[in-house]
Amino acid sequence: MIELVKLSKTFSTADGQVEALKDISLRIEDGDVFGIIGLSGAGKSTLVRCINLLERPTEGHILVDGRDLTALSSRELRKARKSIGMIFQGFHLLMQRTALENVCFPLELAGVKRAEARRRALELLELVELPDKAGAYPVQLSGGPKQRVAIARALASEPRVLLCDEATSALDPKTTRAILELLRKLNRELGVTLVIITHEMRVVEQICSRVAILDGGEIQETGPVSEVFSNPRSEAGRRLVLPEGEKIHVLPENRLVRLVFDGAAATEPIVASLAARQGILLNILSADTHAIGGKTFGSMVLGLPQDETEAARALLYLREIPGLTVEEVTDYVF
Amino acid sequence: MFSEGELELLQKIISQGLLQALGETLLMTFVPTILAFVIGLPLGILLVTGDEKGIRPLPRWLMKLLHFIINILRSVPFLILLIVVLPLSRALVGTTVGTRAILVPLVVAAFPFVARLVETSIREVDPGVVEAAQSMGASTFQIIWKVLIPEARPALIANFMVALITIFGYGAMSGAVGGGGIGRIAVNYGYNRYKPLVMYFAVILLVILVQLFQSAGNVLVKKADKRIR
């Protein structure tokens with residue numbers, strides 16, 4: 001179990017003090033897949049670097065299985081780090097070593113004999129489904145395989161925890177899915193706890209069971225993914241989960257209507273005729289219609305006027321047009 | 001075009017002294033370069049790791065002192081250094097003339113230069129890779145030995161060749177003050193006794209050697225660098 005207790009980190013820069021993390025407390029259970037999501041600049045990378053003390057917090061403690069990492073000597077800390085693996089957005093592979101030699105690296109650090117290290121490295125490459133790339137240098141691999149090598153390397157010291165710092169952010173959607181599937185497999189089969197740092201909702205949705213939302217260096221809310229994402233309580237949570245929500249708020253209309261054209265007469269311009277005959281002005285928010293053989297197909301979203309009676313009259317008028325389906329909508333995506 | 005007897009002199013030099021001169025030149029090039037790396041490699045690495053943001057920061061006054069000493073040594077022109085260092089030569093190799101005596105000022109002149117070359121090579125290593133190694137629990141020594149030096153190897157080899165050719169040039173220059181090798185042939189016979197044919201011959205030989213070193217260096221770098229597909 002990882003416990004972060006009242007963690008703060010302040011950087012001194014030329015422009016003064018910057019509070020990257022403020023009073024962060026978190027608890028990550030063994031075997032969990034825990035997401036930490038936030039926009040860039042929220043302090044995610046600083047937070048994850050504090051977990052293995054690549055970044056030393058200004059205040060607070062990191063307890064791994066009850067042991068306070070901040071109290072360890074540098075030798076003990078190096079030993080403790082071997083049980084916390086880490087992968088990165090930029091992979092950070094040794095460019096002058098083959099995939100196999102990269103996986104051997106942490107084993108060499110631990111003093112494992114060469115033959116034994118190679119044998120275990122090959123097993124690990126098999127585990128990450130990359131056995132045929134053992135002799136390839138990083139430059140010969142694309143993003144997905146590179147991250148697989150990095151995962152194998154991080155697992156070589158048999159860590160209990162794997163920190164993933166934007167591990168899929170440099171990958172295309174298909175590769176991202178494959179890497180996340182691999183991580184989930186490792187979590188299930190090896191029981192390794194995953195801490196997933198990301199700015200992407202879909203990453204958290206696909207793999208995490210619990211999530212913390214980080215904004216302005218503070219934890220805004222935390223809980224099971226299904227709860228937080230279906231009903232975000234914090235302002236930052238709503239901004240992340242409902243990015244379109246803001247756009248709808250700024251629209252002048254309170255009611256929207258979607259018209260579906262199913263062969264209505266294209267000769268009659270609807271919006272123009274509403275204005276000319278009824279004196280009602282509508283906002284076109286989006287339109288995707290095609291005229292085929294004198295008839296109109298497609299859809300259009302209109303904003304109804306603020307005035308209730310005018311809005312009702314407009315709806316009545318629209319509903320009488322043949323070949324046109326009219327429905328009121330509460331939100332839509334541009 | 002050439003004065004009488006010049007061709008005979010050249011033939012005599014080629015048949016009698018050339019092989020020895022070539023040997024001296026190679027000795028005056030490789031030995032000081034290697035010795036300069038023995039001092040300059042650890043020093044250059046220290047300049048990176050001891051940095052404020054390095055993996056093992058050292059006291060700031062110490063780093064400033066190191067940079068200062070290196071800058072001072074690098075700004076003294078080689079010919080002046082050659083004379084200033086003579087007492088040190090006498091103390092270390094027992095003489096102030098000849099090939100052996102020249103080795104001392106060559107090393108003194110070259111190691112600060114080499115330290116800077118090593119520093120820039122090591123700085124090229126991706127800090128992310130160093131961070132990854134730290135996350136795996138690597139010690140400072142392990143990071144230097146297993147990450148910084150191997151990852152910078154192509155740059156180090158390229159810079160070894162830069163140092164080698166610079167020291168080669170210094171060595172030829174030292175022919176003017178009692179150093180041996182092809183430089184001495186150029187100066188003694190070609191310049192002092194005004195035998196242009198001998199001088200041209202010596203200079204062309206030096207040019208060919210530089211070309212050889214550079215080509216060998218390029219091949220080695222290409223072979224060593226696994227970032228080239």
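These notebook entries record what I looked up in a predicted model.

**Conventions.** I number residues from 1 along each chain as its sequence is written, and I letter chains from A and number ligands from 1 in the order in which they are written. Since the model is predicted, local features need pLDDT of at least 70 and side-chain atom pairs count only at pLDDT 80 or more, while totals for chains, interfaces and linings use all residues.

**Overall form of chain A.** I looked up the secondary structure and found 12 helices and 14 strands in chain A; helices (H or I, at least four residues) and strands (E, at least two) are DSSP runs, numbered from the N terminus. The radius of gyration of chain A is 27 Å, well over the 20 Å that the globule rule gives for 334 residues, so chain A is more spread out than a compact globule. That radius is taken over C-alpha atoms, and the rule is 2.2 Å times the number of residues to the power 0.38. Along the principal axes, the C-alpha atoms of chain A fill a box of roughly 85 × 45 × 40 Å.

**Domains.** I noted domain 1 (2-241) and domain 2 (256-329) in chain A, with bounds from an automatic or database domain assignment. Their centres, taken over C-alpha atoms, are 52 Å apart.

**The sheet.** I traced an open sheet of six strands in chain A, in the order E6-E7-E8-E3-E9-E10 and with mixed pairing. Two strands pair if DSSP finds at least two bridges between them. The edge strands are E6 (84-88) and E10 (218-224) of chain A, each pairing on one side only. E6(A) pairs with E7 (residues 161-165) of chain A in the parallel sense over five bridges. Within E7(A), A:Cys164 is the bridge partner of A:Ile87.

**Nonpolar cores.** I then examined the largest nonpolar core, which has 134 residues; A:Val103, A:Cys164, A:Val195, A:Ile196, B:Ala110 and B:Val114 touch the most other members. Such a core is a set of buried Ala, Val, Leu, Ile, Met, Phe, Trp, Tyr and Cys residues joined through C-beta atoms within 7 Å. A residue is buried if 20 or more other C-beta atoms lie within 10 Å of its own, exposed if 12 or fewer, and partly exposed in between, with C-beta atoms placed from the backbone. Helix H6 (residues 98-123) of chain B gives the most to this core, with 16 residues. A second, separate core of nine residues includes A:Leu259, A:Leu302, A:Leu304 and A:Ala311. Of the 334 residues of chain A, 37% count as buried.
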